[in-house]
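Let's take a friendly tour of a protein model, going from the whole chain down to single pairs of residues. Keep the 3D view open as you read.

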Amino acid sequence: MRYINRLFLVAGLFIVLSNGQIFAQTSTVQDGSDRISINVSSMLVENLPNPIGLDNPAPRFRWKLEAQDAAVRSSGFEIELCRDTTRTALQTETIYRSGKQVSPLLFYRYNGPDLQPYTKYYWRVRNYDQQGRATDFSSWANFEMGLIHSTNWKGSWISDGKSIQEEALPYFRKEFKLSKKIKSARAYIAAGGLFELSINGKRISDAWLEPTYTRYDRRLLYCTYDITSDLLNGMNAAGVILGNGWYNHQSTAVWDFDKAPWRNRPCFVLDIRVVYEDGSVETISSGRDWKTQTGPIIFSSIYTAEHYDARLELTGWDKSGYSDTAWKQPALRSAPAPLITAQNLHPIRRVEEIKASSVRKFNDTVYVVDMGRNISGVTKISVKGESGTELRIRHSERLYESGRTDLSNIDVHYRPVGDRDPFQTDIFILSGKGEEEFSPRFNYKGFQYVEIKSSKPVVITKESVVAYFMHSDLPAVGSVTSSNPVLNKIWSATNNSYLSNMFGYPTDCPQREKNGWTGDAHIASETGLFNFDGITVYEKWLQDHLDEQQPNGVFPSIIPSNGWGYEWGNGPDWTSTIAIIPWNIYLHYGDTTLLARTYESLKRYVNYIENISPDGICTWGLGDWVPVKSKTPVEFTSTAYYYTDALILSKSALLLGKADDHIRYAALAKKIFTAFNNKFWNASAGIYGTGLQTELSVALHWKLVPDTLVYKVAAALADRVIKDGRQIDVGLLGTKTILNALSDNGYIDLAYELAARETFPSWGWWIKNGATTLFENWPINAASDISMNHIMFGEIGAWMYKALGGIKTSEAAPGFQVVNLEPCFPKKLDRFSCKHESVMGTIESGWERKGSNIQYVVTIPPGSIARLRVPAMGNTAIRYIELGSGTHRFNWKNL
C-alpha cells in the first residue's frame, strides 16, 4: 500500500508503510441515519458564562459541541434571541434570529436590533453538521446589559473630602426603604481607587480589589452585582468602604506612583436599581444624602500593606438602625475619568485557602509561620490579646539563617519615608475583645513566610494563620503530566507564577513591583493561553495599551503607567505586546476582535520604529534581560521583534481587508528581513552574530533564517549548546526561543535535556532547591534581580504543550479549527500527556514509550480536524495525515 501524503482517516483504516510497518487509527462513526447526537455546551457571551452588566452593543457568542460520533464538523449554526419574559413566552417572543450562518466556527457576533440598557436576554443555538443536518436547539443561556451609555448614571460622584495625605480609609452608608415586592435588583458601582460594597451587613461579592486597575485619568471600570437576594422589603442599608489602590498611592518607590497625575482621595458613584414585580423601577444612588466617617482601617497601600485598629471598629455600620449622627455629609466630586465602561472579566478572588505547614516560636512575642509554598495574596490571623497590643505581620519569600523573615530580595525599590509604612507588613492593633480576626481588604503581597511580632505576649499556632492565594480567577484549560516528576513540578511552578502575576493585568512579580511589565507578559502569553482562559484579562489590558499610547506611537514599558517607562525599558523587544498578544489571541480563539481594536495603534507603533530605524535595524530596546552570562546585542533582538511586529501588522491588514496596508507592511517586513540578514549573518562561520544561544534561537524562532539555511543554523545552535556545557546561556528573550528553536528543528533530545536539567543554570535547579514558583534569576543567591515569583522565564510551560504534546495552532484555521499535531519523543522521557480545553473543545495528546515503540493517543474535539505529523520510521520519511474528531490511537515502531 503506497503511503498518501494527506489522507483523511476514517473508522478502522490501517495505514501500511512501504517498509511493512503498521500504524492504526480506530474510531467510531455513526450508522448513517439522519439523527445526529450532538449537544451544545459551554455557552458564553463576551467569553463569560451568563454575564451581567455588559456594555458591548454587539456581544460575541461562543459555544462548544459534544458528540458521540466521530469526525463531526460544523457547517453552520443558527442563533435565536429573546427578551427577558416569562418562560412560556420564550418560544413566541423571539426578537432576533440570525438565520443559518455558514461557518465552521462556533462563534458569532450579534448583528441584530439595538440591545437595551438593564435588559436581560436569553439565547440559544443549534448547529448543522458537515452533511447539513441540524441539531436540536440548545437550552437557553442568558446575558444582561449594563448601563451602556454614561448618561444612564443617576448617582453623583462622592468622596469624604479629605486630602490625599489622610491615611484612614473612608466609610460611607445610606439607609433606604423598599415598600413593594422586589423582582430584581442590581448594583452598579465605579470608583477612583478600590471599593467594598455591602448590603444589610453582608459583603455582596466574593471578588476583591474591585474595580481592576486602569489609567485612572483616562478610563475607569464599573462593576455590576446581582443583589436581589440581599435586599429586604422594608428598611435596608448600603455600605461602601473605599481603598486607595493605585489611585491614591501613599507609599513611595522608584516608580513615583505617589506623584501620579490622577492622584486624589478615593471616590465612587453607585446606582442601586430595583425593579418591582409591578414593573416599576426605583434607583437608590450615591449623593450628599449619604453619610461618611473613617474607621478601623487606619492605613492602606496596594503596594505595601494595611494597618487596622480594631479599637475603632464601627459595629453594625452597614446595617439599618445604626446611629450615624456623628457621621458627616460627603463631598461631591467630578468623575476622575471621561470614560466609565463595564468591567467584563474574570474577577480577582481568594481562590485557594492554604493552611500553615509549620510555626516556629522564637519567644512569646515573635513567631515565624511557613505556608509551605510561595503565593500572591493575603493572610488571615486569629489571635487573642490585650487591648492596644500591636502585631506586625511581615510577609517574605525567604528567611535569614536565623529563621527570621528576609525582605532584602524584594524591598530594593522601596523608598520609605520614616518607619510608618513597613514593606509587606500588616499592622493589627487588638481591641482586647476575645478572639479577633484580621485580613487586609485592599492589598496583596507575594510571600511564603509570615513573621508575627507583637508588642505584648500572644499565642500563635498553626491554626492561627491561613493564607489565601489571590489572583484573577481564570478558568483552567490545561493540564500536563509526565514520567519526570521535576518536569511536572516545573509546569506547576510556571502556572503558580503565572496566576500570582494576574490581577486584572499581567504583572512581573506580586511583591517588589506589581507592575505590568510588557516584556514579561508577551513572553508568557502562550503559556497562559494553553493553561488558562485569559482572553478577558488580555482584552482589558490591551485597552490599557491604547489608553497609554503616545500620539507618536510609543508605549511605556509598564502598563498601566503614571508616566514612568516611556524613556526606559520600552522598545520592540518589550512593547511588542501590542502585536504579539492580539495575534496569539487570534490564533487560540479564532477571534479578530482584538486585532481590529488594536490595529491602528499597532500601525502607529510600527511607523514610529520605521522612522527611527530607516535602514531596517532597530537599536531601541532593553535586550535579553538577566542572561546566564552572555548578553546578545540589543540591536539584534530589537530588530527581530521589529520584524515580527511588521509581519503581524501585514497579516492583520490582510485579515481585516486592508489590502494596501498588507502590501506596504509585507514589503517593510521583507526590508527588515534583508537588513537583518545582511548585518548579522556570518556566512563564513555559518552563524548569526557571534553565535550565542539567544542570537541563533531568536533568528530561528522568529523566522528570520532563509529556508535554505535553517538546517545549518539549527545545527550551529545545537553545537553551541553542547559547547556551553549542554546548558542554557540565555536571558528573558532567549528563554522564549531556545527550547522551541531546538525542538522545532530536530533537536528534541537536546531541548528536553535543557528543560529537564536539574543543575545550575536551569528551571529544575530552582525546583531542586525548593521552588514552588519561577525565579527572576538563574542563581538562587544572586545579588540582585532575585524575586522568587516571576513569570518572565515561563515559556517552558507552553513549550511542553507545543513540543512534547505537539499541540500547535494553525494560522490558516485559527481557534483550533485545525489542530496541528507535531509531538516529539525525547529518548530520556518515557511518558507524557497534556490536555487543552480549546474554544472548540478538549484536545488531548499523550504518548508512552514501550520498548522501541511509541503508543500515541490523541483526542480531537467535535468541529475540529487535525493534521498529524507521523514520525519517520525505518526508511520512511516524515508524513502528514488528517484526523477527524474523536479519539485516535497509534503504535509507532522503532522510534
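## Before we start

This is a predicted model, in which local features need pLDDT of at least 70 and side-chain atom pairs count only at pLDDT 80 or more, while totals for chains, interfaces and linings use all residues. Residues are numbered from 1 along each chain as its sequence is written, and side-chain values use heavy atoms, with hydrogens and water left out.

## The whole chain

Let's begin with the overall picture. The chain has 14 helices and 46 strands. Both are DSSP runs numbered from the N terminus: helices are H or I with at least four residues, and strands are E with at least two. The radius of gyration is 29 Å, close to the 29 Å that the globule rule gives for 895 residues, so the chain is as compact as a globular protein of that length. (That radius is taken over C-alpha atoms, and the rule is 2.2 Å times the number of residues to the power 0.38.)

Along the principal axes, the C-alpha atoms fill a box of roughly 90 × 70 × 55 Å. Of the 895 residues in the chain, 63% are buried. Here buried means under 20% relative accessible area, exposed means over 50%, and partly exposed is in between, using a 1.4 Å probe and protein chains only.

## The largest pocket

Now look for open space. The largest pocket holds about 980 Å³. On a 1 Å grid over the protein atoms alone, a pocket is an open set of points with protein on both sides within 12 Å along at least five of seven lines; a cavity is a set where a 1.4 Å probe fits but cannot get out, and lining residues have an atom within 4 Å of a point. Points are joined across faces, edges and corners, and a volume is the space filled by probe spheres set on them.

The nonpolar class is Ala, Val, Leu, Ile, Met, Phe, Trp, Tyr, Cys and Pro, the charged class is Asp, Glu, Lys and Arg, and the others, Gly among them, are polar.

## The largest cavity

The structure also has four cavities of 30 Å³ or more, and about 100 Å³ of space lies in the largest cavity. Its lining includes Leu 194, Trp 246, Ile 348 and Phe 503. By class, the lining of the largest cavity has eleven nonpolar, one polar and no charged residues.

## Strands side by side

Five strands form an open antiparallel sheet in the order β15-β14-β18-β12-β21. Strands β15 (202-203) and β21 (291-294) stand at the edges with a single partner each, so one side of each has no neighbour in the sheet. Two strands pair if DSSP finds at least two bridges between them. Six bridges link β14 (residues 194-199) with β18 (residues 234-243), and Ile 199 has Ala 238 of β18 as its bridge partner.

Elsewhere, strand β4 (residues 60-67) has six of its eight residues buried. Antiparallel to β4 run β3 (residues 38-45), joined by six bridges, and β8 (residues 107-109), joined by three.

## Charged partners

Side chains of opposite charge can pair when their charged atoms come close. How many salt bridges does the structure hold? There are 56, each with a side-chain nitrogen of Lys or Arg within 4 Å of a carboxyl oxygen of Asp or Glu.

In one of them, Glu 80 and Arg 97 have their closest N and O atoms 3.1 Å apart. Glu 80 lies in β5 (residues 74-83) and Arg 97 in β6 (residues 94-97), so the pair ties together parts 17 residues apart in sequence. Glu 80 is buried, at 6% relative accessible area, whereas Arg 97 is partly exposed at 48%. Another salt bridge joins Glu 795 and Lys 736 (2.9 Å, N to O), and both of these residues are buried.
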